[in-house]
Amino acid sequence: MGDLIVGLDIGTSKVCTIIGEGDKNGELHIVGIGYYPCYGVKKGVIVDIDETAYSIKKSVEQAERMANQKISSVYLKIYGGLTTIYKNNGVVAVSREDREITKQDVDRVLQAAKIIAIPSDKEIIDVIPLEYVVDGYGEIKDPVGMAGIRLEVNAAIVTGSVTAIQNMEKCVKKAGLEVEGIIVGPLATGEAVLLKDEKELGVALIDVGAGVTDISVFKYGSLIYSSMIAVGGWHITNDLSIGLKISFEEAENIKKKYGTLEKLSPEKLEPIKIASLAGKSKSATDVNEISDIIEARVSELLMLVYERLEEAKVLEDIVTNVVITGGGISFLKGNIELAQKIFNRNIRIGSPQNIGVATPIYSAGVGVVKYVYNNKRFMHNAQPTDKKEKKSSKLVDKLKEIFSDFWA
């Protein structure tokens, strides 16, 4: 058995656990899947630690049974809208006498890039090397083994909300697990559903969940924009509940069974029986009435996304496609046509391609596993989850480590 990588996606409506394992040929296989309802998260924010921890535990147990493996640690997804990206660079002298760049040199230069002033309510969760520069020669992806005197890195420093991270970690630990690392949602989901050419030329990724929608744009292979709006699939359900005067559960069932943005001609309409809120009588609706309610909310959601992209001046960077994923609206018939009218671009639904998880609801969970698997040798920046260890990593210690061999 190879090393297991466990991705955990804590969403507004569910906790998804994905266990991945690499084989000797370098192929990643999904060997465990867990999915359990979650009621401790509202609009992407944890509001009940005990409830969320219980859902994590149940989801992980499902994945463990399927994989026939016991797991002890996970990689967490954090919503892109809860993160901020800063650009910074670092520089160190190559330590070996023969001037061959080692992994330790790369570790040190990434540590140097992390010396940056950030707000007190943020903490660094990831350092993404955009390019390495060796003695003035740039656009290097992996400098290990090359010869040089001076090593530089241009990096994206990803920071996240301290409160959000601590609450997620508390939930995971209460479920009996350790946090091995935290992965930014768009980077993870993009790994699962976006094509390499899309990320190079320019693509927008819209991950619609139950309570929130993560918005991101990639170009030149990197994440250049990330935001979040507090609107998702449950808002559609709520509209159906109010419009049809039915319970939220009944509305969710109606949405899943008859959810569409497409209209039928009058002669094709058939009555759909629905239970009243009291549950003692039944009334009737039809697909077109359901479609009208759904279309109004989906149009609003997509227009909000469009306006965010327009305000950020990144619409022109979207050269290829707008990719919609997540369980919020991906399954609704007619969503592609509506999105095309709003964005005036090619639209497609993004799903993981792995067997057993080829559906948008697993995009983030599978993406976390893929991101870690594909980038593990570059993940020199893993953050310690032990708070004492974090406290010991002070600025003076970092400076000593970085500049030590200048005076060796």
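How many of the 12 residues of β10 are buried? I counted 10, so β10 is largely enclosed by the rest of the structure. I took buried as under 20% relative accessible area, exposed as over 50% and partly exposed as in between, with a 1.4 Å probe and protein chains only.

**Entry 1. Basis**

I note that this is a predicted model, in which local features need pLDDT of at least 70 and side-chain atom pairs count only at pLDDT 80 or more, while totals for chains, interfaces and linings use all residues. Residues are numbered from 1 along each chain as its sequence is written, and side-chain values use heavy atoms, with hydrogens and water left out.

**Entry 2. The chain as a whole**

I found 12 helices and 18 strands in the protein chain. Helices (H or I, at least four residues) and strands (E, at least two) are DSSP runs, numbered from the N terminus. I looked up the extent of the C-alpha trace, which spans about 85 × 45 × 45 Å along its principal axes. For 408 residues a compact globule would have a radius of gyration near 22 Å, and the 23 Å of the protein chain agrees with this. That radius is taken over C-alpha atoms, and the globule rule is 2.2 Å times the number of residues to the power 0.38. Of the 408 residues, 51% count as buried. I also checked contacts (heavy atoms within 4.5 Å). Among those in the protein chain with a separation of 6 or more, 67% come from residues 24 or more positions apart.

**Entry 3. The sheet that holds β10**

I traced an open sheet of 4 strands in the order β7-β10-β8-β9, with antiparallel pairing. β7 (83-93) and β9 (137-140) stand at the edges with a single partner strand each, so one side of each has no neighbour in the sheet. Neighbouring strands are turned by 35° against each other on average, direction ignored. Two strands pair if DSSP finds at least two bridges between them. Strands of a sheet pair through backbone hydrogen bonds, either parallel or antiparallel.

I followed β10 (residues 150-161) to its partners. It is joined to β7 by 11 bridges, and the two run antiparallel. Asparagine 89 has asparagine 154 in β10 as its bridge partner, and threonine 83 stands opposite glycine 160 in β10. Another 11 bridges join β8 to β10, again antiparallel. Here valine 134 has leucine 151 in β10 as its bridge partner.

Which order do the 5 strands of the open sheet with mixed pairing take? I read it as β3-β2-β1-β6-β11. The edges are β3 (28-37) and β11 (178-184), each with a single partner strand, so one side of each is left without a neighbour in the sheet. The twist averages 25° from one strand to the next. I fitted axes as lines to C-alpha atoms, for helices over the stretch in contact, with angles from 0 to 180 degrees between N-to-C directions. Strand β2 (residues 14-22) pairs with β3 in the antiparallel sense over 9 bridges, and threonine 17 stands opposite glycine 34 in β3. Helix α4 (residues 185-193) lies across β6 (73-78) and β11, running at about 80° to β11.

**Entry 4. A parallel pair**

I then examined β17 (residues 321-325) and β18 (residues 346-349), which pair in the parallel sense over 4 bridges. Valine 322 stands opposite isoleucine 347 in β18. The chain crosses from β17 through helix α9 (residues 335-343) to β18, and this β-α-β crossover is right-handed. By that I mean that, with the strands pointing away from the viewer, the path from the first strand over the helix to the second runs clockwise.

I compared the span of helix α6 (residues 233-244) with expectation: at 1.5 Å a residue its 12 residues should span 16 Å, and its end C-alpha atoms, 17 Å apart, agree. The expected span is 1.5 Å times one less than the number of residues. The buried residues of α6 include His235, Ile236, Asp239 and Leu244. Lysine 245 follows α6 and has a positive phi, near 55°.

Arginine 99 has a positive phi of about 65° although it is not a glycine. I located arginine 99 in the loop between β7 and α2, and at 36% relative accessibility it counts as partly exposed. Lysine 313, also not a glycine, has a positive phi of about 60°. Lysine 313 lies in the loop between α8 (287-311) and β17, and at 71% relative accessibility it counts as exposed.
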